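Biologist: I have a model to go through with you. Please take it piece by piece and keep it short.

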Amino acid sequence: MEERVEETRPPGSGGGIGRRSLFIGGAAVAVGAGAWAAHDQLSRLWWQVPGVEKPRVEGAVDFQGARWVAASSANWRRADRPGDYAVDMVIVHVTQGSYASAVRVFQDPGHGAAAHYIVSQEGEVTQMIRELDVAYHAGNRDYNERSVGIEHEGFVDRPEDLTDAMYEASALLTAGICRRYDIPVDREHIIGHVEVPGTDHTDPGPHWDWDRYLTLVRNAVTATLTPTPTPSETP
């Protein structure tokens with residue numbers, strides 16, 4: 001967990017999109033009749049347009065199967081990612097406490113910090129901040145704006161806290177994040193809190209198995225991208 005090192009930055013002001021073109025990163029992309037046959041393709045482009053605020057549904061989660069518990073609004077900043085800030089990193093944390101205590105702390109406005117997700121030793125996932133928004137979790141403003149933070153229940157000096165269920169659930173979570181934002185599955189883009197410039201934290205600690213974790217994440221990405229064969233029809 002981390003103390004906040006943040007300044008308030010107001011969200012981008014409005015913005016619009018023409019019926020015939022999308023402006024992405026300053027470049028116009030023409031949308032002619034039939035150019036985008038699938039509605040979801042157009043939707044993906046729409047959400048890349050800076051200034052177009054994404055719709056929000058109370059209690060919605062970005063990871064299927066996660067439970068939603070809202071962090072205190074003092075511990076994160078409203079944003080419109082990836083429209084205003086590109087997301088290109090996942091930062092791995094260890095709570096130095098229990099799952100329940102981490103949830104409580106992130107609900108405390110006096111704490112000044114929170115991560116997007118917490119993963120328990122049993123593989124439960126709680127989302128406390130939308131991926132759209134900037135969580136105060138890294139102790140570095142630039143890294144906060146460009147990353148998704150995942151806390152893991154346990155202590156850095158207790159390898160027994162890093163369970164199979166935790167690794168597997170966290171890998172599925174990270175694989176989904178990497179797919180959504182086209183993040184490479186490597187140690188440059190999936191890092192520990194200890195690797196954030198300017199931080200004095202040591203998590204996830206020496207017992208975190210990076211080779212195992214990245215293998216699980218890669219396998220999860222591949223499994224999702226591989227089409228499921230259609231069962232043969234019985235004559």
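Biologist: Where is Q96 found?

Modeller: Q96 sits in the loop between β5 and α2 (99–106). Those labels are DSSP runs numbered from the N terminus, with helices as H or I of at least four residues and strands as E of at least two. Before we go on: this is a predicted model, in which local features need pLDDT of at least 70 and side-chain atom pairs count only at pLDDT 80 or more, while totals for chains, interfaces and linings use all residues. Residues are numbered from 1 along each chain as its sequence is written, and side-chain values use heavy atoms, with hydrogens and water left out.

Biologist: What is the phi of Q96?

Modeller: It is positive, about 55°, although Q96 is not a glycine. Most residues other than glycine have a negative phi, and most peptide bonds are trans. Q96 is partly exposed, with a relative accessible area of 42%. Buried means under 20% on that scale, exposed over 50%, and partly exposed in between, using a 1.4 Å probe and protein chains only.

Biologist: What about D182, which phi does that have?

Modeller: Phi of D182 is also positive, near 55°, and D182 is not a glycine either. With a relative accessibility of 68%, D182 counts as exposed.

Biologist: And the cis peptide bonds, where are they?

Modeller: One runs from R81 to P82, with omega near 0°. P82 is in the loop between β4 (76–77) and β5 (89–94). Another runs from D203 to P204, with omega near 10°. P204 is in the loop between β10 (190–192) and α5 (210–225).

Biologist: Now the sheet. In what order do the 6 strands come?

Modeller: The order is β3-β7-β6-β9-β5-β10, in an open sheet with mixed pairing. Two strands pair if DSSP finds at least two bridges between them. β3 (67–68) and β10 are at the edges with a single partner strand each, so one side of each has no neighbour in the sheet.

Biologist: How many bridges join β5 to β9?

Modeller: There are 6, and the two strands run parallel. In that pair, H93 stands opposite E151 of β9. β5 and β10 are parallel too, joined by 3 bridges. I91 is bridged to I191 in β10, and V92 to G192.

Biologist: Is β5 covered on one face or both?

Modeller: Both. M89, I91 and H93 are buried on one side, and V90, V92 and V94 on the other. In a regular strand the side chains alternate between the two faces of the sheet. That makes 6 of the 6 residues of β5 buried.

Biologist: Which strands does α2 lie across?

Modeller: α2 lies across β3, β6 (117–119), β7 (125–127) and β9 (147–152), at about 165° to β6. Axes are lines fitted to C-alpha atoms, for helices over the stretch in contact, and angles run from 0 to 180 degrees between N-to-C directions. Contact means heavy atoms within 4.5 Å.

Biologist: Last, give me the totals for the chain.

Modeller: There are 5 helices and 10 strands, and 46% of the 235 residues count as buried. Of the contacts with a separation of 6 or more, 74% are between residues 24 or more positions apart.
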